[in-house]
Amino acid sequence: MKPHTLSVLVENKAGVLSRVTGLFSRRGFNIESLAVGPCEEPGMSRITIVCIGDDAQIEQVMKQLNKLIDVIKVSDISENERVERELALIKVNAEPGSTRAEVMQIANIFRAQIIDVGTKTIILSVAGDTEKIDALEKLLRQYGVRELVRTGRIAVLRGAKIVKSAK
Amino acid sequence: MKTGAKILIEGLQREGVETIFGYPGGVVLPIYDELYDSPLQHILVRHEQAAAHAADGYARASGRVGVCLATSGPGACNLVTGIATAYMDSIPVVALTGQVPTSLLGNDAFQESDITGITMPVTKHNYLVKKTEDLGHIVREAFYIAGTGRQGPVLVDLPKDVTTREIEYEFPENEPVVLRGYQPTYRGHARQVDKAVEMIAEAERPLIYAGGGVISSNASSDLVSLAETLMIPITTTLMGLGAIPCTHPLNLGMLGMHGTRYANYAVTESDLLIAIGVRFDDRVTGNVQTFAPNARIIHIDIDPAEIGKNKKVDVPIVGDVGAVLSDLLAKVRKKQNDNWMERIRVWKERHPMKFRDDDVLRPQFIIRELSNLLLPDDVIVSEVGQNQMWTAQYYCFRKPRTWITSGGLGTMGYGFPAAMGVHFACPDRTVFDIAGDGSFQMNIQELGTVAQYNIPVKVAILNNRFLGMVRQWQELFYDRRYSFTELPPVDFVRIAQAYGVDGIKVESCEEVRPALQAAIDCDGPFVLDFRIEREENVFPMVPAGAAINEMIGGDTE
Ligand SMILES: Cc1ncc(C[n+]2csc(CCOP(=O)(O)OP(=O)(O)O)c2C)c(N)n1
């Protein structure tokens, strides 16, 4: 059982997201992470889903997804060279003085951006793979993470290869 | 200018619809007004569930898309069981529902329910039409999706303002529906077909396991030709009965939980299982680990998701069953399997299907009598429970689409309304619903419909005053503790008469044949109330979770 990243091209129509997520819950598959947005093709959206299962389960998920009329193409890109990113916004305690300096230094090391500074907190924005964000979050916990917001993971294949729209 | 309702009716006619089953209400008034002087035949049922089952029965008997119509909220919700029934058995149905006006959507308006949300898991696809401009192409897509690929129900939800608004609209002529997310595979992959041909040539104990996919693909004659060319016996699922004539020497009858002993033994002993239009359902396989333990498996199905879902297979062939069978037929060479056929002959001889044939009124006897009286084209519909299994075991089906039953969902109350639908698909044939007293009471109100339109459906109630199948499980596995399965006696003949339908009560074996004949001869609906032996069981039976060769009963008497 390992995480699989599925790239799902769908018609940009009302209800398509609930068709996709409904299928996962109905058939007992868990979604680890999900991200959805418009893509390069007009009228289509791309959903990136990370889910965990053995090969047979993943194959079944993909076949069931393919049966949805509004799903145009499903690809498991886990076996391919790819770039994956997610974004996190972290509001962390940082009283002016030495704590604030430490937090800013950590941010610097992780190439996180400081996007807001308050009297007692600052907000960091960080993009990267899951492990990097996990690591940053862990480091910041000691100062007190007030709020953490993470997007789902998105992914593209490296090089010229693309996830095409032909089903 | 045309209203949405007019576009809808025109769209239905262009799809070749002649009959629809429905029930009116507030938000569908514009549609009903359009129906009032349209050439479409509308049958007013007594409960929307019956409309869905009737559309389904119509589809199963004719092979064409069945249509039902209901109002929003309660009307739409009442369709759900019928839609789910069609979905589980891959039956092409288009369900039309009214909806509150678009301006009120999401407001918990009077009789609003989110029917597209509710039916998402039990439809092949569904639509909420937001603009009158979209209505025409959505109707075309709905029929296209329902009736192609792996067939199934499609629901179209129609807000009232969408059906009342007037627009300029013309249906496109000769323009095929194209959906980029929906392109079923019809032709099997040539290399896979070749592999199958090789495997068949190598097999010594081959067996065909055929299901509903053969019926929906209209591939029965190709199936039988293949079996005859290769001398391969055929066992069918509940849904596949009729794909091969029961009298055919290669026919082994049904397999699985209430299958014949010889079919289940053959599966267990075979070295090659050719699975055609089936889905390895648990009622067929029993313990799936021990199902066909000695066999390599070829699986032919139009739905790629069925391949490998429940059982690993050696050669998958995705495609329309009929297309793949004709490819196979063109490539296979004649073969004999004498030793294997001889083993099967011995099993058949040692373990025939039999029941105690005495002067007690037993359901199997009634079904055998009916089977002898009806013509090969006549249609048998069933309810769910023992009545269904006895019919599957003892009725001799000679043609495809003459056996109509709720397999996947097992919906009690399906049979009677489905039988009404069957009548409209084939008005010249005799249609019998074989019922239990429990199931019949789930849609008994349709006596009103058959009386109103003089729909000549015959209901044969195998009345045991029990929820028989559940009682059987309680007898066998719960120490005869008959918890809430006994039903009080009901005088069904008098109920039928109150609706204006004729009927006879039958209490002895001698009365059976004349009573059945009276029902057949009557040119309207008819109810037969057979007071059968109350604790008769369906045997053989594979207990839940057992291997299918571990059957109990049916071997002794
Ligand atoms: C709608 C519905 N509710 C419950 C069941 C569970 N169930 C399966 S068979 C059965 C008993 C059927 O009794 P009856 O119609 O009298 O038929 P018999 O088994 O006696 O022939 C029941 C309750 C079902 N299949 N469908």
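This is a predicted model: local features need pLDDT of at least 70, side-chain atom pairs count only at pLDDT 80 or more; totals for chains, interfaces and linings use all residues.
Let's start with an open sheet in chain B. Its six strands come in the order S11-S10-S9-S12-S13-S14, and they pair in parallel. Strand S11 (251-254) and strand S14 (315-318) are the edge strands, each pairing on one side only. If you ignore direction, neighbouring strands here are turned by 15° against each other on average.

Strand S10 (residues 234-236) of chain B runs parallel to S11(B), and two bridges join them. Look for B:Ile234, which stands opposite B:Asn251 in S11(B).

## Helices on that sheet

Which strands does H8(B) lie across? They are strand S12 (272-276), strand S13 (296-301) and S14 of chain B, and the helix runs at about 135° to S14(B). Helix H11 (residues 261-269) of chain B packs on this sheet too, touching strand S9 (206-210), S10 and S11 of chain B. The direction of H11 makes about 105° with that of S11(B).

H8 has a helix partner as well. Helix H8 (residues 190-202) and helix H13 (residues 321-331), both of chain B, pack at an angle of about 55° with their axes 10 Å apart. That angle is why H8(B) counts as oblique to H13(B). The crossing of these two helices is right-handed. On the H8(B) side, the residues in contact are B:Ala190, B:Val193, B:Asp194, B:Ala196 and B:Val197, and they meet B:Asp327, B:Leu328 and B:Lys331 in H13(B). Sorted by class, this contact has five nonpolar residues, three charged ones and no polar ones.

## The sheet from S16 to S19

Further along chain B there's an open sheet of six strands, with parallel pairing and the order S16-S15-S17-S18-S20-S19. Strand S16 (403-404) and strand S19 (502-506) stand at the edges with a single partner strand each, so one side of each has no neighbour in the sheet.

How many bridges join strand S18 (residues 457-463) to strand S20 (residues 526-531) of chain B? There are six, and the two strands run parallel. One pair to find is B:Leu462 and its bridge partner in S20(B), B:Phe530. Helix H22 (residues 509-521) of chain B packs on the sheet, where it touches strand S17 (431-436), S18, S19 and S20. The direction of H22 makes about 165° with that of S20(B).

## Another helix pair

Helix H15 (residues 363-373) and helix H16 (residues 386-394) of chain B have axes that come within 9 Å and cross at roughly 50°. Because of that angle, H15(B) is oblique to H16(B). The crossing is right-handed. H15(B) brings B:Pro363, B:Gln364, B:Ile367, B:Arg368 and B:Ser371 to the contact, while H16(B) brings B:Trp390, B:Thr391 and B:Tyr394. By class, that's four nonpolar, three polar and one charged.

## Tucked inside

Is B:Gln49 buried or exposed? This residue of helix H3 (residues 48-62) of chain B has 12% relative accessibility; since buried means under 20%, B:Gln49 counts as buried. Leaving out residues up to four places away in sequence, B:Gln49 touches B:Asn78, B:Thr81, B:Thr411, B:Met412 and B:Asn443.

Helix H17 (residues 415-425) of chain B is largely enclosed by the rest of the structure, because 10 of its 11 residues are buried. Among them are B:Phe416, B:Met420, B:His423 and B:Phe424.

Note on methods:
Residues are numbered from 1 along each chain as its sequence is written. Chains are lettered from A and ligands numbered from 1 in the order in which they are written. Side-chain values use heavy atoms; hydrogens and water are left out. Axes are lines fitted to C-alpha atoms, for helices over the stretch in contact, and angles run from 0 to 180 degrees between N-to-C directions. Helices (H or I, at least four residues) and strands (E, at least two) are DSSP runs, numbered from the N terminus. Angles under 35 degrees count as roughly parallel, over 145 as roughly antiparallel, 65 to 115 as roughly perpendicular and the rest as oblique. A crossing is left-handed if the near helix is turned anticlockwise from the far one by less than a right angle, and right-handed if clockwise. Contact means heavy atoms within 4.5 Å. Ala, Val, Leu, Ile, Met, Phe, Trp, Tyr, Cys and Pro count as nonpolar, Asp, Glu, Lys and Arg as charged, and the others, Gly among them, as polar. Two strands pair if DSSP finds at least two bridges between them. Buried means under 20% relative accessible area, exposed over 50%, partly exposed in between (1.4 Å probe, protein chains only).
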